[in-house]
Amino acid sequence: MTDKGPQISKEDLDNHIGRTVNQDVWEDVHKIHENEFWDVYIAGHQEQLLKASQAIDNILEDMEKLDAWEDFRSEVKILVSKTTGIKRAVCLALGIFIHKIKGVEGIWTHQYAAFAYICRAIDDKQKRESDKLDSAPFKPIKRCFQDPKFDTRTEYLLTKIERKHDTGVNFVMEPPDATDIIDEDTFLYAIHIEPSMWRYILRNDEDGRSLCPQVMITNCISEKFGGLDRDRTAAEQYHKDCALSNRATFSKRLDEMEAAFKRLSETHAETAFPLVSRIANLDQHVFNRTSIFQKVRDISSQEQIVKLNESRYLLSQNTLTNPSLLRALLLKRHDIFEDSVNVQ
Ligand SMILES: C[S@@+](CC[C@H](N)C(=O)[O-])C[C@H]1O[C@@H](n2cnc3c(N)ncnc32)[C@H](O)[C@@H]1O
């Protein structure tokens, strides 16, 4: 262990690759990466990152013990008790670790700590179950992180510093690798996502079966919580569709997203993320407009396809102006209108 940062030099790189890297290119790259090496080093790590790591450990300890975190603890207990066979946890849109922004301190560390706390609670539950059943050996869930903005310092903080209260192993993935592995056996955690990201969450497999995670913590969508993502997704898609086709039109993707949101509200119960207002020094925006979604009922794949078609055809002007298709729709004769209407 060293208290110095890595000693890098262009000369060493030149020697290693056996040719001379262009000086301007080297300087450009070095400028971009300079801040990755800037800092005092303590116990082998950059001081800021080590301190952030210690802060995460302290937050995790507080989450376990302090009264102020009681609502959070009991909500996590309920959430975890209803999960079955979680194989992986996917954390999207965590953003980059920034030491301090004026007025907002600790957002990154608190959002990360809450994720780590929930992952550990899922592991504890699955370990208890596996011990009881004496079945296949217990395996901690894989914790995968994806954000195109991640820098090397954030990746380091996630993967290179050990923490006493945070024993899971983190994997940083390149987009779209983490979104591609989201399925029903996933715990998804994505705080303050851009609405365009819903399409990664509300996906179907090739047979039309929903891949939506059984449990997720992300932007609220219910009107009673002030969720506007459905409207934004529809409005944005509509603008895009019209701009791309140079006419007022509705795309298949718009209809699919509408149907997917509708299905989400039917299959998952949405509850507001517990209030964190009792926690001292914590910015109140850290979990605002955030909900917990937990699967409460299944919709068979056939039912899903039917619902998707219903929504598609209902929105299709074609259907509404064609009496026989409208009748088929009202009689739920999906077989008739499925072949008859070609929605763009
Ligand atoms: C509004 S910020 C939220 C950051 C942080 N969670 C917060 O609450 O302050 C949205 C984040 O989503 C990230 N993002 C955008 N596309 C993404 C993708 N495909 N996968 C994962 N993260 C993505 C952005 O880079 C950005 O960091």
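Visitor: Which residue follows H5, and is its phi positive or negative?

Guide: Helices here are DSSP runs of H or I with at least four residues, strands are runs of E with at least two, and both are numbered from the N terminus. H5 is followed by Asp 134, whose phi is positive, near 55 degrees. Bear in mind that this is a predicted model, in which local features need pLDDT of at least 70 and side-chain atom pairs count only at pLDDT 80 or more, while totals for chains, interfaces and linings use all residues. Residue numbers start from 1 along each chain as its sequence is written.

Visitor: What span should helix H5 have, and how far apart are its end C-alpha atoms?

Guide: The expected span of a helix is 1.5 Å times one less than its number of residues. Helix H5 covers residues 107-133, and because its 27 residues should span 39 Å at 1.5 Å a residue, the distance of 39 Å between its end C-alpha atoms agrees with expectation.

Visitor: Which residues in the largest nonpolar core touch the most other members?

Guide: A nonpolar core is a set of buried Ala, Val, Leu, Ile, Met, Phe, Trp, Tyr and Cys residues joined through C-beta atoms within 7 Å. Here "buried" requires 20 or more other C-beta atoms within 10 Å of a residue's own, "exposed" means 12 or fewer, and "partly exposed" lies in between, with C-beta atoms placed from the backbone. The largest core has 60 residues, of which Cys 91 and Tyr 189 touch the most other members, and H5 supplies the largest share of this core, ten residues. Leaving aside residues up to four places away in sequence, Cys 91 touches Phe 115, Cys 144, Phe 145 and Tyr 189, where contact means C-beta atoms, placed from the backbone, within 7 Å.

Visitor: How many residues of strand S7 are buried, and in which sense does S7 pair with S6?

Guide: Two strands pair if DSSP finds at least two bridges between them. All five of the five residues in strand S7 (residues 215-219) are buried. S7 pairs with S6 in the parallel sense over four bridges, and Ala 190 stands opposite Thr 218 in S7. Five bridges join S7 to strand S9 (residues 290-295) in the antiparallel sense, with Ile 217 opposite Ile 292 in S9.

Visitor: Which residues come nearest to the ligand?

Guide: A residue is near a molecule or strand if its C-beta atom, placed from the backbone, lies within 6 Å of it. Of the 16 residues around the ligand, Ala 93, Gly 95, Asp 147, Lys 149 and His 192 come nearest. Ala 93 counts as partly exposed because 19 other C-beta atoms lie within 10 Å.

Visitor: Where is Arg 289 found, and why does it count as partly exposed?

Guide: Arg 289 is found in the loop between strand S8 (268-272) and S9, and although it is not a glycine, its phi is positive, about 50 degrees. Arg 289 counts as partly exposed because it has 18 C-beta neighbours inside 10 Å.

Visitor: Which residues does a cis peptide bond join?

Guide: The cis peptide bond joins Pro 175 and Pro 176, with omega about 5 degrees, and Pro 176 lies in the loop between strand S5 (170-172) and helix H7 (177-180).

How values were computed: Two residues are in contact if their C-beta atoms, placed from the backbone, lie within 7 Å.
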